[in-house]
Amino acid sequence: MKIARVESFRVAAQRDYEGSAGLRPAVPAKPRAGTTALNLNTGRHLCIYAAQAEALLVRITTDDGLAGWGEAHSPPIPRVAQTLIADLFAPQLVGRDPLAIDAIWDALYTSMRLRGYSTGVMLEALAGVDIALWDLAGKALGQPVYKLLGGPYRTKIPCYLSGVPGSTVEQRVEHAKQLVALGFTAMKTSIGRGSLDADLEGVEAIIDAVRGKANVLVDAHGVYDARSATEAGRRLERAGAGWLEDPLPPEDVDGYAALCAALDLPVASGEAECTRWQFHDKLRRRAADVILPDVCRAGGITEGRKIALVADLYNVPWCVHASISTPVHLAAGIHLAAATPNFLLCEYPNAFRAGPLANALLTKPIAYAEGHLLVPDAPGLGITFNEQALAARVLDPYEPVG
Ligand SMILES: [Mg+2]
């Protein structure tokens with residue numbers, strides 16, 4: 001069995017589902033009024049989000065006609081990962097044994113390393129290829145990916161709903177209660193876009209509404225300085241939040257270490273890091289209580305497994321980070337979650353639950369039940385695209401498998 005073809009396809013859909021913010025240009029955090037805490041990051045920008053939901057799917061086909069699917073996260077610039085895959089990776093892949101996954105990962109990773117391309121979109125493109133190879137391996141061997149990885153530690157993957165919809169505190173509180181009724185025991189909401197006081201009051205209202213029934217996790221998107229982050233953390237600690245995510249810019253590793261030492265509330269981060277070396281730097285400096293690697297950004301399943309192992313050396317749990325993406329992203333995350341001992345929680349984005357690029361693309365949905373995602377048991381990633389539904393979302397020339 002040899003790799004015959006490597007293709008990638010941009011998929012897109014309107015973000016018109018409930019809870020979608022539509023186009024989200026960079027929004028600066030506002031300073032906190034009337035306190036001594038200055039937010040030195042005022043005026044700094046959060047991430048750009050695309051106006052539409054979009055992702056880059058990767059399809060690798062063998063000479064005997066078997067196809068595996070991967071995803072390179074790469075919003076909002078999927079064309080960059082697409083070019084890397086077509087011009088840099090595909091020529092190295094065609095003709096190789098697709099089961100040599102670790103050796104292939106290393107060859108692709110080192111192909112541009114000395115030129116400084118060892119993170120970011122390079123790793124997203126590599127993730128797309130790697131996940132497709134794992135899907136292919138599972139299909140070739142007739143086994144789900146989590147078994148090839150040595151699992152399961154678990155087949156029901158605990159998850160949290162990410163993004164409590166609503167434009168007012170009252171709406172978000174109401175939604176939080178509905179999520180509890182759906183069986184969620186954890187949910188995540190955002191701060192960092194308004195004043196610290198208003199942000200925290202909103203979060204405290206949600207925590208109060210679901211207290212004793214669900215954990216409320218809080219994501220600050222890296223916008224605070226040390227003083228504001230400490231103040232936010234202490235107040236969230238008193239309120240009973242589950243964790244504080246990305247309070248500081250990702251480059252401020254010493255700041256994270258100081259915050260982890262100052263707070264009892266767990267500090268979570270890691271969606272910006274892409275490799276075991278980046279995570280190791282953070283972990284050895286005790287700068288994270290929980291890490292959040294994104295399997296479609298952090299080099300795929302192969303690297304994700306190594307990142308989980310490095311975290312385990314420091315007795316730190318990891319969580320699946322997921323975002324606006326296709327079922328390939330979520331499936332890859334939950335297979336890895338099923339096969340690693342120090343997994344904690346899977347992010348289940350509202351964008352996935354309600355979004356147009358999610359279960360609607362599959363012949364059979366990834367199942368949710370009572371706060372858990374059920375890891376698919378069919379060979380490979382265990383998901384099958386509804387080719388008609390997929391073709392309707394693909395922006396590039398597309399032919400179904402076979
Ligand atoms: Mg986050």
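Helix α7 passes helix α8 in a right-handed crossing. A crossing is right-handed if the near helix is turned clockwise from the far one by less than a right angle, and left-handed if anticlockwise. Helices (H or I, at least four residues) and strands (E, at least two) are DSSP runs, numbered from the N terminus. The model is predicted: local features need pLDDT of at least 70, side-chain atom pairs count only at pLDDT 80 or more, and totals for chains, interfaces and linings use all residues. Residue numbers start from 1 along each chain as its sequence is written.

Two packed helices are described by the angle between their axes and the distance between the axes. Helix α7 covers residues 226-239 and helix α8 covers residues 253-262. They pack at an angle of about 25 degrees, with axes 11 Å apart. Axes are lines fitted to C-alpha atoms, for helices over the stretch in contact, and angles run from 0 to 180 degrees between N-to-C directions. The angle makes α7 roughly parallel to α8. Angles under 35 degrees count as roughly parallel, over 145 as roughly antiparallel, 65 to 115 as roughly perpendicular and the rest as oblique. Ala 226, Ala 229, Thr 230 and Gly 233 of α7 meet Gly 255, Ala 258, Leu 259 and Ala 262 of α8. Contact requires C-beta atoms, placed from the backbone, to lie within 7 Å. By class, this contact of α7 with α8 has five nonpolar, three polar and no charged residues. Ala, Val, Leu, Ile, Met, Phe, Trp, Tyr, Cys and Pro count as nonpolar, Asp, Glu, Lys and Arg as charged, and the others, Gly among them, as polar.

From α3, the contact takes Leu 126, Ala 127, Asp 130, Ile 131 and Trp 134. From α10, it takes Gly 300, Ile 301 and Thr 302. Five of these residues are nonpolar, two polar and one charged.

The protein is divided into domain 1 (3-142) and domain 2 (147-386). These bounds come from an automatic or database domain assignment. The domain centres, taken over C-alpha atoms, are separated by 18 Å. Domain 1 brings 48 residues to the contact and domain 2 brings 45 residues. On the domain 1 side, β1 (3-14), β2 (52-62), β3 (67-72), α2 (101-110) and α3 (121-141) each supply at least two residues. Helix α3 gives the most, with 13 residues. That side of domain 1 divides into 26 nonpolar, 12 polar and 10 charged residues.

Three strands form an open, antiparallel sheet in the order β1-β2-β3. Two strands pair if DSSP finds at least two bridges between them. β1 and β3 stand at the edges with a single partner strand each, so one side of each is left without a neighbour in the sheet. The twist averages 25 degrees from one strand to the next. β1 and β2 pair over 11 bridges. Val 6 has Ile 60 of β2 as its bridge partner. Helix α1 (residues 78-93) packs on the sheet and touches β1, β2 and β3. The direction of α1 makes about 175 degrees with that of β1.

Most residues other than glycine have a negative phi, and most peptide bonds are trans. The bond from Pro 75 to Pro 76 is cis, with omega near -10 degrees. Pro 76 lies in the loop between β3 and α1. The bond from Gly 151 to Pro 152 is also cis, with omega near 10 degrees. His 221 has a positive phi, near 55 degrees.

Technical notes:
Contact = placed C-beta atoms within 7 Å.
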